[in-house]
There are 2 protein chains.
Amino acid sequence: MARGDRTTLADVAADAGVSVSTASLAFSGAGPVAPKTREKVLASAARLGYRGPDPVARSLRRGETGVIAVVVGDRLQRSFSDPVSTQTLDGIAQELGERGLGLLLVPSDTFGDVPPLLRHGAMDAAIIAGLSAPGDPALRALRERGVPVVCIEATRRDASTVEIQDRAGTAELTGELVALGHTRIAVITLPFGPQRHRRFFDPAGDVRPAYTPTRNRWAGVRDAGVLPVLAVEPATSLVDEGVACGRMLLDRPDRPTAVVAASDLLAAGVLLAARDLGLRVPEDVSVAGFDGVDLPWLAPDVLTSVTQPLTEKGRTAARAAAALAAGEKPRHHLLPVTLRTGTTTGPAPR
Amino acid sequence: MARGDRTTLADVAADAGVSVSTASLAFSGAGPVAPKTREKVLASAARLGYRGPDPVARSLRRGETGVIAVVVGDRLQRSFSDPVSTQTLDGIAQELGERGLGLLLVPSDTFGDVPPLLRHGAMDAAIIAGLSAPGDPALRALRERGVPVVCIEATRRDASTVEIQDRAGTAELTGELVALGHTRIAVITLPFGPQRHRRFFDPAGDVRPAYTPTRNRWAGVRDAGVLPVLAVEPATSLVDEGVACGRMLLDRPDRPTAVVAASDLLAAGVLLAARDLGLRVPEDVSVAGFDGVDLPWLAPDVLTSVTQPLTEKGRTAARAAAALAAGEKPRHHLLPVTLRTGTTTGPAPR
DNA sequence: TCACCGTCTCGAAACGATTCGATTCGACGC
DNA sequence: GCGTCGAATCGAATCGTTTCGAGACGGTGA
């Protein structure tokens, strides 16, 4: 806003010789105003250089800001190198844009300090787009303020949620590998929770990741009746990490014949690691991912994967946020996934 | 915000038995309040479930919103697949975050319709982060509203600007190739302006792109005393496009011995095209880019490029926006670049 | 002509805080 | 005991709109 002496609706009204309320009506179009009066007001506004009703004053009076906060991972550079994030955000942005709502981007890890914006920023609702574990301080801060929240890929009772059929999708994908004769299957999950580190874990043990999608996709593997021969928790869900995990799984005598990664980026990394180790895909090892994102630089390979409707997920979240802002009750949304068979999976060797 | 009957500062003050002004002081900490009084107020607030001062009311009174709008390309999915965008945005987000300022993300192509948010959204200043040509309607709309603007990589007199030494950097890079004995050098520029299409253009003709960086980087090539044998304007600055342009330049009998691309993503595409055509880099053809972004999937190659301080560029823009919001006058910033010699350039063949 | 009824316009009260200038109160010095 | 001073507190104005109920005005039907 311009600082100092801005011209206000009162100035315009005075100049046009009408009351402030009439001038307001002339601008907002809500209520009957004689065409001649409206013109007079608009003319005065133009002459005085009136920039239109102050959005802040309007917000105060109306009791709504028209802004939805979107909480994403702390380092945008990292978060946005994952097409899953950017495509979801794109969906959110599209839907909010079409509704004339603003998108307040709040980078924040869902553990550690909560950025002041989340405590004091003006917003009608918030979408937590990154991974979020129970007890998430960001979520709690919003809750305390009474800001309604939409969680993407997290199960919460007191918020709207948007989830996908991770579990069934992963089960179907894993089943496919079983059908191809694979018995030595390894799994790379998603990170279990906020404390991130790369490690093997016991597939037969008690596996309870804090993050919902991590939990669901793991459960999907087990649903397919598979007990992985090796299981790795990655530190992130990026290509580099996939390469590192891929090495851990493939550079050993008892290597598996198939690797199921819980994200396409991880799977792509595994693919690179395999190439690097001189392994043929899918002849020597099959690789499958999850998400169905477009990775043109992987050409000519096409990753076998479970495709989730990322843009639609974003749009759904945005719609849910708008609904909450309008005073509706929280709802839960579940989006379907589809299996995409690519070139990176094939019959188990020998 | 919670709709309906929220508890206000007045309620808290009444409950605590103090005046509204004292209660306000107790919260904001601006002004003398007896410790005992403050405690009493905070206690009442806690009991009544007061959520803290309403940000909108505060904004109205204070005359500032604490929000900086950032205008980026229309399709986030596309914009954010360019590390140049994400890294710059990361810098902006970091700096704004540290200052407690909000980041209102506004996707908008800088031609075509201006999103309503730009006309009516609450903001103290705006950063135009995407490419912007003279007469940019988004810029004009902001100007009309009296919102101060920072332009990244665009020359404007009536706004703050953040630019880099494109021209000198490109000249240095091109000079390097000349020193390596290259005489048949081809160039891929950036898009010239909003109307985007892929085409050869006459390098000896009158070349005046609307976008500043396009103009500067082209000028840099000429500064090095080079008249390219072939010149292509790309439709975007992405990898796919680089592949397409690379084919146009390399899949012909009179192919150049070196290709200078105005962005790393384009250069990476050229590299892929070269590999595809069975050309060795740099033995058969040298390839250079611009930006200095990290492209790990290009391994083992490292692109010869001009590195620009992307995060710092974002931070500088954010600082400039904060300064404008605080009422300072527009300023112009110029950031340095450095040459990074990678593995993709070598002596001219034969 | 009168009562009535739309249509348009207006005044005033919110919306929820911040801030300025004034007032009160207690303590202290003389 | 009185005047003075500083700290703490308070009232009231203000930020710029929107909105509600009431009023004015002109025209219509009986």
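Tutor: Before we start, helices and strands here are DSSP runs numbered from the N terminus, a helix having at least four residues and a strand at least two. Please keep in mind that this is a predicted model.

Student: Which element gives the most residues to the surface near DNA strand C?
Tutor: The surface near DNA strand C draws at least two residues from each of α2 (20-28) and α4 (55-62) of chain A, and likewise from each of α2 (20-28) and α4 (55-62) of chain B. Among these helices, the one that gives the most, with six residues, is α2(B).

Student: How many charged residues does the surface near DNA strand C have?
Tutor: In total 29 residues surround DNA strand C, with Ser21(A), Thr37(A), Thr8(B), Leu9(B) and Ser21(B) as the closest. Sorted by class, the surface has 14 nonpolar and nine polar residues, and the number of charged ones is six.

Student: How many residues of chain A are in contact with chain B, and which element of chain A gives the most?
Tutor: On each side of the contact between chain A and chain B there are 43 residues. The elements of chain A that give two or more residues to this side include α5 (76-79), α7 (116-120) and α11 (239-250). The count for chain A is therefore 43, taking residues as in contact when their C-beta atoms lie within 7 Å, and the element that gives the most, with six residues, is α6(A).

Student: Which residue of chain A stands opposite Leu104(B) in β2(B)?
Tutor: Strand β2 (residues 102-107) of chain A runs antiparallel to β2(B) and is joined to it by two bridges. Within this pairing, Leu103(A) has Leu105(B) as its bridge partner, and the residue opposite Leu104(B) is Leu104(A).

Student: How many bridges join strand β1 of chain B to β2(B)?
Tutor: Strand β1 (residues 67-72) of chain B runs parallel to β2(B), and Ala69(B) stands opposite Leu104(B). The number of bridges joining these two strands is six.

Student: Are the residues of β2(B) buried or exposed?
Tutor: In a regular strand the side chains alternate between the two faces of the sheet. Here Gly102(B), Leu104(B) and Val106(B) point one way from β2(B), while Leu103(B), Leu105(B) and Pro107(B) point the other way. On both sides, the residues are all buried.

Student: Why is Val302(B) partly exposed?
Tutor: Val302(B) lies in the loop between β10 (286-288) and β11 (305-307) of chain B, and it touches Gly342(B) and Thr343(B). A residue needs 20 or more other C-beta atoms within 10 Å to be buried, and 12 or fewer to be exposed. Val302(B) is partly exposed because the number within 10 Å is 14.

Terms used:
Residues numbered from 1 in each chain as written. Chains lettered and ligands numbered in written order. Predicted model: local features only at pLDDT ≥ 70, side-chain atom pairs only at ≥ 80, totals over all residues. Near = placed C-beta within 6 Å. Nonpolar A, V, L, I, M, F, W, Y, C, P; charged D, E, K, R; others polar. Pairing = 2+ DSSP bridges. Contact = placed C-beta atoms within 7 Å. Lists of a residue's contacts leave out its neighbours within four places in sequence.
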